[in-house]
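Dear colleague,

Please find the structure below, followed by an account of the ligand site.

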Amino acid sequence: MKTIHLKTTARSIARAANIIKKGGLVAFPTETVYGLGGSAENAGSAKKIYAAKGRPSDNPLIIHVPHAEDAERYAVTSDLYYRLADAFCPGPLTMIMPKKDTVPYEVTGGLDTVAVRIPSHPVARLFLEKCGVAVAAPSANVSGSPSPTSARHVAKDMDGRIDAIIDGGECEIGLESTIVLLKDDRAVILRPGAVTEEMLSAVVPVSRDPSLLEKPSADFRPQAPGMKYRHYAPSSPLTLLRGPHGDAVEYMKAALKSDPSTGVICLSSDRNIIRGKNVVYLPDEPSGQARGLFSALRSFDDRGTPGILSVIPSRTGVGLAVCNRLVKAAGYDIRPVGITIPVIGLTGQSGAGKSTVSKVFAGFGGTVFDCDEIYHSLLYPGSPLSKAVIAAFPESDSDGVPDRKKLSAAVFSDRGRLELLNSITHGAVLDEVRAGIKRAEKAGASFAVVDASQLFEAGYDNECTAVIGVCAPYETRLGRIIARDGISAERAASRLENQHNEDYFRVYCDEIIENGGKDGDLSALTAQVRRIIEKYVGWLK
Ligand code: TXA
Ligand code: MG
């Protein structure tokens, strides 16, 4: 078959739409990645898509429509669907709902549900309008390889296998859409994307499939069938380095020294420290990383690298999607660097009981680092941290130490200044934590526990073997804060209001410890901590 290459003129798009109507296949640009489209009402088109991709036919396709209401013809919609569509569509969100008979089982991989997406890319929209039928489209790559973010990528995988490719340039987002299952009153994230937990949870309650970052166990079936297959993999093996960024960079430099053809993925800010012919730099900020990731992975295909090493970005916001693709592309091959004992990160809302949980971990032999305590220990008159904070916030100076209340006032309702303060303090506290863990490791500690309410904000998650969220019901937390800090119910409530909601921790943490039981009764906590230690530390003292 000869694949025709089309421009984005109205005439070319009309021609492409005709191919779809006649049962052919067309690759088209979307804001996420390129899709490989065929009519969603035609079982024969679906079969051709699976054949062209070499994709297992139990892995369902997403159907694309130009307007939210167009889903009515294909899916049993709901109030939840329209709430999310109003907020995020057209855009990089796919919603899974019960299917109607108009969608053949060939499209849904035999499932009774269908995935619907309304892309925002102007070429995709015009194309879908012209087709007049929903277009079933997986990403336009050969099954298992990174999704295509340019027409060149598509041509490399699909030339000769499909009827046409519309060349719409580079994809703006670069990672596939966020997939949510609409379940009861909740959006369950099956695949993370550019519509983030923070964005979704401003509209609806959010949770996630357990398999986003973790290798599914033999008996576990991810709810999106596609997540169980090897995915996004470059042609040479990819290994992710977990640990302090400086240690990861040192490790890469050593690897390059012993074999200069090693592939390396690091950050733009490392450019002055690490160089080489197979070194690829991703932007420091997450949306740039999303845009560049697949292209970076594909760029190694022709270099003959024996293996690729990559840093792991922090996982909040769109970072979760970047980490999810990296972890799958690496086939879960994650190597600790710098620190070799397991590091358990503990975070959660105030009053949830992190300190109590860390005591239970200590009882099992963990060396605990309390970031709040470390922060205060670093603030004495004339200390380096005191000087740095006072230099940035002169109004907080109180005899050579920044005054807490004045600092709070300075950053209150000023995001920019809060971020400045955080970047100063988080860096100093984490350096202390890292040095402490290295000392503990030398002294023979079996594992470390880092108690940090700002763990994600500090970007420390990618240094942890596992991040554990401690959760407790609102009333319980409120009661604990009032009792602990001796403040009014009103003040305690306003303190809780300014924190992330519980869904945030349930989505971003690897594990949750439920700490809603009676204070002082540690048996339920002990059982949960024991399970986590067995899973991530591997043995018990
Ligand atoms: O951004 C995107 O979503 C791109 C562009 C082209 O729209 N499409 C895309 O499709 O990434 P694909 O086929 O590569 O990924 C679809 C994922 C698969 O993991 C599949 O298992 C899951 O969606 N999926 C589709 N229908 C489903 C359903 N009914 N239930 C659960 N998962 C479903
Ligand atoms: Mg795909």
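A residue is near a molecule if one of its heavy atoms lies within 4 Å of it. Of the 27 residues around ligand 1, those that come nearest are Thr32, Asn59, His64, Ser177 and Gly226.

This is a predicted model, in which local features need pLDDT of at least 70 and side-chain atom pairs pLDDT 80 or more, while totals for chains, interfaces and linings use all residues. Residues are numbered from 1 along each chain as its sequence is written, chains are lettered from A and ligands numbered from 1 in the order in which they are written, and side-chain values use heavy atoms, with hydrogens and water left out.

- Thr32, through a side-chain N or O atom, at 2.7 Å
- Arg191, through a polar side-chain atom, at 2.9 Å
- Pro225, through a backbone N or O atom, at 3.4 Å

On its own, ligand 1 has 680 Å² of accessible area (Shrake-Rupley method, 1.4 Å probe), and the protein covers 97% of that area.

By class, the shell around ligand 1 has 14 nonpolar, nine polar (Gly is counted here) and four charged (Asp, Glu, Lys and Arg) residues. Strand 6, a DSSP run of E with at least two residues, provides the largest share of this shell, with four residues.

Yours sincerely

Definitions and conventions. A polar contact is a pair of N or O atoms within 3.5 Å; within protein, one must be able to donate a hydrogen and the other to accept it, and residues adjacent in sequence count only if both atoms are side-chain atoms.
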